[in-house]
Amino acid sequence: MSWTTGIPTEVLFNGFVAGTALTNTTTSTIISPRGNTTSLPMLPANFFHPSYGSNKAIHVVARGVVSTAASAPGTLTITVYFATSDTATVGTSTGAASGAFTPAVSLANAIWELEVDITCTAPGSTPNFTSMGQLQVSPTAASGLIYGVGGTSTTSAAGLSTEQNNWIQVGAAWGTASASNSITMYQTVVYGLN
């Protein structure tokens with residue numbers, strides 16, 4: 001359980017609102033919806049407790065739409081970050097990243113879904129995380145593709161501490177700048193697993 005409500009699995013955050021579309025850039029940018037009326041999901045300080053937070057996990061689900069250029073859209077990478085405040089500035093990677101994949105050409109508002117478990121294997125002032133999950137792109141008129149997220153390696157998150165509040169961000173980066181390449185995030189769900 002996540003020690004917030006005392007039940008084994010619980011919804012810590014659920015939101016559905018359009019984020020700002022990321023288009024025509026190759027810079028890693030936060031696509032999570034946030035602003036004056038929308039906050040990022042937040043894990044309170046010591047959610048991954050120093051004494052009993054080892055191997056505690058969260059399950060992050062993010063969904064939105066993606067469109068691509070008619071030819072050579074380049075690659076796309078989607079990553080989950082933790083930040084020390086509710087900010088649009090890219091935080092620290094948890095290791096939950098899709099890797100650079102090449103989406104199909106001429107996508108028009110195809111639905112994408114990122115689903116990943118992030119486990120804190122060593123809480124504290126320089127925590128370690130492992131992650132594993134998948135990213136699915138589902139065009140409305142063509143076959144979809146599924147990509148792996150995370151892997152078997154551990155990410156040491158220097159500059160991040162589980163002893164402070166951490167806001168969960170989802171970011172994306174296009175490999176090729178194009179006005180036709182666009183990704184927008186709408187839904188965020190975060191579960192406390194144990």
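Which residue lies over the face of Phe47? That place is taken by Lys56, at 3.7 Å from the ring centre; a charge counts as over a ring if NZ of Lys or CZ of Arg is within 6 Å of the ring centre and within 35 degrees of the ring normal. The model is predicted, with local features needing pLDDT of at least 70 and side-chain atom pairs counting only at pLDDT 80 or more, while totals for chains, interfaces and linings use all residues. Residues are numbered from 1 along each chain as its sequence is written, and side-chain values use heavy atoms, leaving out hydrogens and water.

Phe47 also belongs to one aromatic cluster, together with Phe48, Phe82 and Phe129. Rings of Phe, Tyr and Trp (its six-membered ring) pair if their centres lie within 6.5 Å, and planes under 30 degrees apart count as stacked, over 60 as edge-to-face and the rest as tilted. By this rule there are four aromatic pairs. Among them, Phe48 and Phe129 are edge-to-face because their ring centres lie 5.8 Å apart and their planes stand at 75°. This pair joins distant parts of the chain, 81 residues apart: Phe48 sits in the loop between strand 4 (42–43) and strand 5 (56–67), and Phe129 in strand 9 (residues 128–138). Strands (E, at least two residues) are DSSP runs, numbered from the N terminus.

Phe48 is buried, at 3% relative accessible area, and Phe129 is buried at 0%, where buried means under 20% (1.4 Å probe, protein chains only). Phe129 also pairs edge-to-face with Phe82, at 5.4 Å centre to centre and 85° between the planes.

Key
Helix = DSSP H or I, 4+ residues; strand = E, 2+ residues; numbered from the N terminus. Buried < 20%, exposed > 50% of the residue type's maximum accessible area, 1.4 Å probe, protein only.
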